[in-house]
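Please keep the sequence and the 3D view at hand while reading.

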Amino acid sequence: AKEEHGLFFEITMKDTLSQDLDLTFLPKPDRLLFTPHLSVLYENNSWAQRDAYRILAFALERGTTSPHDKERCHRLWSEFLGPFFSLSLNWMHAPAVAYQESTPDGSKKLITAPPVVVSEEEEDDSLEDEDVSGRGVVTEEMDTGKAKDADQLNDYHPLPTGSSVCTLYGEGIVKDFRRATQMYVVELPFGTAYLRCSTVLCSLLPAEKSNYTKQLRSEDRSRLGRPTDHLAIGTQSLFLVFRLHQILVSRLNIAMELAHKVGEDKTLCTLVEQMPDLNPKAAARRRYEAYLALVYALLDGGVGGAAEGGKYEDRVRSLLGHGAYELATMDKLISHIWKNLQSVAQDETMWNMIQLYRRHLDAGSFQPEAFRQEAALLSDHEPMYAFQWCPIQGQDKGVLHFEYLGDIAEDEEDEEMPANEDEVMAEAEPPAEPNHKRPRRQ
């Protein structure tokens, strides 16, 4: 309660808070790995998770972080946090598409046409003909009228065949690059697509291979109870990232809830700004988006400075009423999240854990015993935490379970020690060397 509401709220109103989350009708964690010390609930994941990511990405770009740290933080989201919370990679790259497709006069032009998809039997060289679109096949046209664009295409270096890429239509594998038409042939989960260069957003680094992971998985028969669950083991910095991230998502839910309540409460008509000529749902959505714009301005240094006398807090109060006191410290919360995100991104032990997570994810299932056994080898005697993400089927909610595991490397070493104390003493004390000197005569 203290970290979410403040010390005053904890002392005066702690009796009204639910200290423990009732897991009676919620997904339980895997008992083979841990019994959770803490469980938190994520609500409205379909939009709250995305808004939280947008806010954190904006804070990263506007911050003073070095380009190297920004690249590592981006990898952390694309390779671990995004898949962990079921955020698609092509959605995360959508703002980059708008920037890449900008016209010279500054207007934006997004790609909305679907890709050309054919089955393997229909794929042939006839697609290179000029009258492909005349047979009813939807193609993506590229304006090559300007000499400047032509020069850029000539200097373009295509990705090699076999590269994993992220496109506007999902992740796939590059099969070929046709230089004559400047088109990629990409194998997507639903078929073969012929895409122009701008729709291929980036290449993806594959997970590091490990024969030890394959060996442990082949010997382990344990499985998570639900195929949609995700399992991870990480350091204390990752624990703080998850805990603070859940607070951020919960505060966005509070902002949305207040945006709906303010419009319905007639006693606040003279205290908050009104949204005329809108139905209640549209007005609530507009009020919430106005709050998000205020958060972006706060992170950009536009409002809330000491010289402006707390303009941010006054603006939040005028939008959402007096119940928005929890939203007054959003800048500090976001700052703490990025501080710990950078700690995770700079920790090599944590990157080894991320590669372990990706290997199990690519294999199609998480095996708890094999996961923990290899994590103990990679932990380098650091205190570890276990995390299990459990989406609630049929609802827009999810539960995140935590447990402190401690130094799991010591547990693995203790299992390898001999059980007999006599054997331990025999191994610890070397045999005495024989004495070849003659005893003195009395």
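The points below cover a sheet, a helix and a set of salt bridges.

The structure is a predicted model. Four strands form an open sheet in it, ordered S1-S10-S9-S8 with antiparallel pairing. The number of salt bridges comes to 11.

**The sheet**

- The open sheet runs in the order S1-S10-S9-S8, and its four strands pair in antiparallel fashion.
- Strand S1 (38–43) and strand S8 (230–234) are the edge strands; each has a single partner strand, so one side of each has no neighbour in the sheet.
- From one strand to the next, the twist averages 20°.
- Strand S9 (residues 384–391) and strand S10 (residues 397–406) run antiparallel and are joined by eight bridges.
- Within this pair of strands, Tyr385 is placed opposite Tyr404 of S10.

**Helices packed on the sheet**

- Helix H9 packs on the sheet, where it touches S1, S8, S9 and S10.
- The direction of H9 makes about 40° with that of S1.
- Helix H14 (residues 368–378) also packs on the sheet, and the strands it touches are S8 and S10.
- The direction of H14 makes about 15° with that of S8.

- The buried residues of H10 include Ala283, Ala284, Arg287 and Tyr288.
- Further along H10, Tyr291, Leu292, Leu294, Val295 and Leu298 are among the buried residues.
- The elements that cover these buried residues include H3, helix H9 (236–264), H11 and helix H12 (330–345).
- Just after H10, Gly301 adopts a positive phi of about 85°.

**Salt bridges**

- In helix H3 (residues 45–62), Asp51 and Arg54 are three residues apart, about one turn of the helix.
- The side chains of Asp51 and Arg54 form a salt bridge, with a distance of 3.0 Å from N to O.
- Asp51 is buried at a relative accessible area of 6%, whereas Arg54 is partly exposed at 38%.
- Arg226 and Asp229 form a salt bridge in which the closest N and O atoms are 2.7 Å apart.
- Arg226 counts as partly exposed, with 24% relative accessibility, whereas Asp229 counts as buried, with 1%.
- A salt bridge links Asp314 to Arg317, and their closest N and O atoms are 3.1 Å apart.
- Asp314 and Arg317 lie three residues apart in helix H11 (residues 311–320), so about one helical turn separates them.
- Asp314 is partly exposed, with a relative accessible area of 43%, and Arg317 is partly exposed as well, at 34%.

Technical notes
Residues are numbered from 1 along each chain as its sequence is written. This is a predicted model: local features need pLDDT of at least 70, side-chain atom pairs count only at pLDDT 80 or more; totals for chains, interfaces and linings use all residues. Side-chain values use heavy atoms; hydrogens and water are left out. A salt bridge is a side-chain nitrogen of Lys or Arg within 4 Å of a carboxyl oxygen of Asp or Glu. Helices (H or I, at least four residues) and strands (E, at least two) are DSSP runs, numbered from the N terminus. Buried means under 20% relative accessible area, exposed over 50%, partly exposed in between (1.4 Å probe, protein chains only). Contact means heavy atoms within 4.5 Å. Two strands pair if DSSP finds at least two bridges between them. Axes are lines fitted to C-alpha atoms, for helices over the stretch in contact, and angles run from 0 to 180 degrees between N-to-C directions.
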